[in-house]
Amino acid sequence: MSGNLVAAAAGSTDLSLSLPQQLTVIALCALTAFISHLALAVFNDGVRPFMLDFIQGRTTRSATTAVSFGLSAGFIFGLGAPMALSTGVLNPWLVFLPTDILGILSPKKWLAPILGAAWGAVIVFGLNGANSFAHDLPVDFLTAMQQMSTPILFLFTLFPVLAITKQFGKVRGAIAGAVELVLVVATMKLWPNVFAGAIAMAVGVLMLIAFAVSKDLRQRKLERAERIANGDGAAEATPDDDDPMASLFSASATRLRKHLPLFMLLGAGVCLLAQMHVFGGGEATSFLIAKGDYSGAAQVDFYRVFGFIPLIATTALASGAYGIAGFTLVYPIGYLLPNPWLALICGAAVFAVEVSALSWIGRVLGGLPSVRDSSEHLRGAISDSLQLAILFGSLMAANAMGGGLGILVVGGLYLVNEAMGRVVVRMAAAPAAVIVGGILLNVLYWLDLFTPVKGG
Amino acid sequence: MTKILTGGVGKAQVAETVQKLALDGVDVVVSSDMDAAMKLRAGQADYYLGTCHTGAGASLGVLLGLLGSGACHTFGRSVPTEDEVTALIGDGKKVFGFGMDQIDAAAPVIARAIAAHGA
């Protein structure tokens, strides 16, 4: 009873999909399955390298399906599904990983979009059902989950500091940390309406990029000086070394450019999905979208892009298959756009630029090893900060649902998952524990063994 | 001396984990996928350990394209046994990918198998 009042008061948490939204998800799933069938793009970054052998005919469709299933299953059931159930919004692991598998699995071209659309229907109706069921429960864990957004936003603010510390040492890390802290406090004081971490995050990322680029430029100058000192012999050796990689990369880029119209359609679709505000692209974004904080979600996913550009570009150039969401830049753009038509246009334009620029991006990244390093440290730092934020936010949600008993159940389930070797991916373990804990508390409520903590 | 390169998201952690084992005849160096691909091709290094969220994307990346699937293997997010790794090394695998949340468990197993093979 009291739980329902809380849900009604929150208002923005009505996440049931309208008919046009349902049809969009189904159509997009059909498209992504078709594209995966043609081996033009897969969402799973881990599957992408394996697409090269498939494209070149050195391996079979069924063997590639097995690889795709093996690398994706854990993320569908261990990350995508618990995230969707605990936030009520869709995410790429739930939407795109199964269409990766279904597309590759499908023996015939016409069957791939049908299988994809079927999956789209399953998630649309499944999620709508699960959402309305969860909100009707006396202990409403979806509303409790909104506790997540504060720890996510504020701890995520720190990710550039972690990356700088790991890549460039304690001193620069400490400086970056101090600068960010000052900026957060200043933002709170001077612009109370802006998210406190917005400026700090931007400056932190710029510092990391500046450190990395200057290191690479210094290194390049050093190498040039060495080459001159050693005479001409060394200078001739370098371009020759690069050859196999350059030819592999350019063949892939040409293959992808040939299908530019299809990629533009894909970009339009993914951007539209983000614009509908029923989808969160990053690991933590779903919680922000569910709460209606679209500008917060856009910031988090925008900075996340920096961690993924080199990964997606190099795997795409090495394999000839692109990412279903591209560089994921269409996510933040989609969240912020005011209407669906603009989303379609912008999504198509962004994908056109990304695919056309791929070859150039690969060449630039090849010359900037520290920048590639930075992106790996960024991804590591994002995981580290979000892991803590999601764990802490889940415990806060547990506390909101059931006080000490809630913390005991949710924290306990998290620790058991750790002890069992992480059956559920670490990032999703705590939210999954909140769902299980929420169901358990509801059962206890029906048995008259538990009274919901507070009335809102 | 067997030279192992590490790459991917958890490369520093993998190198640290392997160094702590203090295995005889094994030298471990932090690298990156592009760099390692060229070094393995040129014979300047012997093995590559890559990590990322899936165990295959960032960790294998360019290596699979340049060295071919015959030299690469991913354990995904599972933890292999030393016998499995030894068998794979026997098959000519040089590049191993695994999940970054399994580094503590997987890296020592693979490194020990490599050391035993080299000895």
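**Entry 1**

I note here that the model is predicted. For the geometry, I read that the axes of α17(A) and α18(A), the latter covering residues 426-446 of chain A, come within 6 Å and cross at roughly 15 degrees. An angle under 35 degrees counts as roughly parallel, so I put α17(A) down as roughly parallel to α18(A). I then sorted the residues of this contact by class, and got 19 nonpolar, seven polar and one charged.

**Entry 2: the core**

Next I wanted to know which residues touch the most other members of the largest nonpolar core. They are A:Leu90, A:Phe141, A:Ile152, A:Ala397 and B:Leu63, in a core of 195 residues. Helix α17 of chain A, residues 369-419, turned up again here, giving the most to this core with 18 residues.

Leaving out residues up to four places away in sequence, I listed its contacts as A:Val25, A:Ala84, A:Val95, A:Ile123, A:Leu127, A:Val278 and A:Phe279.

**Entry 3: α5 with α6**

I looked up helix α5 (residues 92-105) and helix α6 (residues 111-136) of chain A, and found them packed at an angle of about 150 degrees with axes 9 Å apart. Angles over 145 degrees count as roughly antiparallel, therefore that is how I describe α5(A) and α6(A). Their crossing is right-handed.

Who makes the contact? On the α5(A) side I noted A:Leu94, A:Val95, A:Pro98, A:Thr99, A:Leu102 and A:Gly103. On the α6(A) side I noted A:Ala112, A:Leu115, A:Gly116, A:Trp119 and A:Ile123. The class count for α5(A) with α6(A) is eight nonpolar, three polar and no charged residues.

**Entry 4: α2 with α12**

I moved on to helix α2 (residues 19-37) of chain A, whose axis comes within 10 Å of that of α12(A), with a crossing of roughly 145 degrees. The crossing of α2(A) and α12(A) is left-handed. From α2(A), I listed A:Thr24, A:Val25, A:Leu28, A:Leu31 and A:Ile35 as the contact residues. α12(A) brings A:Leu262, A:Leu265, A:Leu266, A:Gly269, A:Leu272 and A:Leu273. Nine of the residues in this contact are nonpolar, two are polar and none is charged.

**Entry 5: where chain A meets chain B**

I turned to the interface, and found 30 residues of chain A in contact with 25 residues of chain B. On the side of chain A, the elements giving two or more residues are α3 (51-55), α4 (61-87), α11 (233-258), α14 (294-319) and α17. I checked which gives the most, and it is α17(A), with six residues. By class, this side of chain A has ten nonpolar, nine polar and eleven charged residues.

**Entry 6: A:Arg372**

I stayed with helix α17 of chain A, where A:Arg372 sits. Is A:Arg372 buried or exposed? I found 23 C-beta neighbours inside 10 Å, so A:Arg372 counts as buried. Setting aside residues up to four places away in sequence, A:Arg372 touches A:Pro310, A:Leu365 and B:Ser32. I also looked at A:Phe306, which is 66 residues away along the chain from A:Arg372, with 9.8 Å between the C-alpha atoms.

**Entry 7: two positive phi values**

A:His277 has a phi of about 60 degrees, and lies in the loop between α12 (260-275) and α13 (285-291) of chain A. A:Thr328 has a phi of about 65 degrees, and I found it in the loop between α14 and α15 (330-336) of chain A.

I compared their surroundings too. A:His277 has 18 other C-beta atoms within 10 Å and is partly exposed, whereas A:Thr328 has 22 and is buried.

**Entry 8: B:Gly70**

I finished in chain B, with B:Gly70 in the loop between α4 (62-67) and β4 (72-74). I counted 12 C-beta neighbours inside 10 Å, so B:Gly70 is exposed. Its C-alpha is 6.5 Å from that of B:Lys93, a residue 23 places apart in sequence from B:Gly70.

Technical notes:
Residues numbered from 1 in each chain as written. Chains lettered and ligands numbered in written order. Predicted model: local features only at pLDDT ≥ 70, side-chain atom pairs only at ≥ 80, totals over all residues. Core = buried A, V, L, I, M, F, W, Y, C linked by C-beta atoms within 7 Å. Buried ≥ 20, exposed ≤ 12 C-beta atoms within 10 Å, placed from the backbone. Helix = DSSP H or I, 4+ residues; strand = E, 2+ residues; numbered from the N terminus. Contact = placed C-beta atoms within 7 Å. Nonpolar A, V, L, I, M, F, W, Y, C, P; charged D, E, K, R; others polar. Axes fitted to C-alpha atoms, helices over the stretch in contact; angles between N-to-C directions. Parallel < 35°, antiparallel > 145°, perpendicular 65-115°, else oblique. Left-handed = near helix turned anticlockwise from the far one by under 90°.
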